[in-house]
Amino acid sequence: MSCIIVSGGHVAIEELKTTLNKLKGKDPKDLCVIAADRGIETLMALSLVPDYIIGDFDSANTDALQYAITLSEEKGVPFQRLNPVKDDTDSEAALQLAFEKSQGCIYFFGGTGSRIDHVLSNLMILKQGLRKDRFILLLDENNRIQACDKNHPVRIQRAEQYGKYVSVIPIAGPASGVTLKGFYYPVEDAILSGEDSLGTSNEITEDTASISVTDGTLLVIESKD
């Protein structure tokens, strides 16, 4: 079962609709949709009913909160109201719920926006998918982001890439043994220190491009202007 998380940042509405239609077309029962806090506003605007609602709702508007309460009381949608005094963000709480309630790919919408602190924390929690052997994609209008380590190399089909550019950025320390094949700037067994811009704005030149690393973790960012 795949999962879609809709959080409270900037949501790529058309991409969300496309992903919903694609996954529901395979099997509507094989999809779990989680509204994370203010993400319920997006689902309410689209007249979509999530499978789960979670968050402290300290930033959601009154109508969105009432919508969540109504879905819980009238449609039986599980609604976990969190204490705003907590260590994790609503997005991370939603991710933990996704790990619990689904087994397949996790599509994370609304994970970027004007709050850089939330953007950075959402990028960091992508690493949790690697530990659990779960494939997580963070998407917005201009970017599709995933994590990569030695046990989880990334392959991108040129015909399906999300925009023109691909960047690889080390997180939580340097990355070594970085190898990029099928790119304009191929790389073999390189070290990315995480202290410069090396790895930014490459382009795919072959039908299939591959990214691997032997030590450390990379963010693989497909971008379009």
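Reader: Happy to be looking at this predicted model with you! At the start of H3, which backbone nitrogen does a side-chain oxygen of Asn-61 reach?

Author: Good place to begin. Asn-61 sits at the start of H3, and one of its side-chain oxygens comes to within 3.2 Å of a backbone nitrogen. The residue that owns this nitrogen is Asp-63.

Reader: How far does helix H3 reach from its first C-alpha to its last?

Author: H3 covers residues 62-75, which makes 14 residues. At 1.5 Å a residue, the expected span is 20 Å. The model comes close to that, with a reach of 19 Å.

Reader: Within what arc do the buried residues of H3 fall, seen down its axis?

Author: The buried residues are Ala-64, Leu-65, Tyr-67, Ala-68 and Leu-71. An α-helix has 3.6 residues a turn, so residues three or four places apart point the same way. The buried residues of H3 line one face of the helix, because, seen down the axis, they fall within an arc of 160°.

Reader: And which residues are exposed on the other side of H3?

Author: Let's take the two sides in turn. The buried residues have cover that includes helix H2 (39-45), strand S3 (52-55) and S4. On the other side, the exposed residues are Thr-62, Asp-63, Glu-73 and Glu-74.

Reader: Moving on to Asn-83, is this residue buried, partly exposed or exposed?

Author: Asn-83 is in the loop between strand S4 (79-81) and helix H4 (90-101). Its side chain reaches the backbone nitrogen of Val-85 at 2.8 Å. Exposed would need over 50% relative accessible area and buried under 20%. Asn-83 has 48% relative accessibility, so this residue counts as partly exposed.

Reader: What distance separates the C-alpha atoms of Asn-83 and Asp-56?

Author: Along the chain, these two residues are 27 residues apart.

Reader: What is the relative accessible area of Cys-148?

Author: Cys-148 lies in strand S7 (residues 143-148). Leaving aside neighbours within four places in sequence, its contacts include Leu-130, Val-154, Ile-211 and Leu-218. Cys-148 is buried, and its relative accessible area is 0%.

Reader: Which residue in S11 is the bridge partner of Val-154?

Author: Val-154 belongs to strand S8 (residues 154-157), where Val-154 and Ile-156 form the covered face and Arg-155 and Gln-157 the uncovered one. In a regular strand the side chains alternate between the two faces of the sheet. S8 pairs with strand S11 (residues 208-212) in the antiparallel sense, over four bridges. The S11 partner of Val-154 is Ile-211.

Methods. Residues are numbered from 1 along each chain as its sequence is written. This is a predicted model: local features need pLDDT of at least 70, side-chain atom pairs count only at pLDDT 80 or more; totals for chains, interfaces and linings use all residues. Side-chain values use heavy atoms; hydrogens and water are left out. Helices (H or I, at least four residues) and strands (E, at least two) are DSSP runs, numbered from the N terminus. Buried means under 20% relative accessible area, exposed over 50%, partly exposed in between (1.4 Å probe, protein chains only). A polar contact is a pair of N or O atoms within 3.5 Å; within protein, one must be able to donate a hydrogen and the other to accept it, and residues adjacent in sequence count only if both atoms are side-chain atoms. Two strands pair if DSSP finds at least two bridges between them. Contact means heavy atoms within 4.5 Å. The expected span of a helix is 1.5 Å times one less than its number of residues. The arc is that of the directions from the helix axis to the C-beta atoms.
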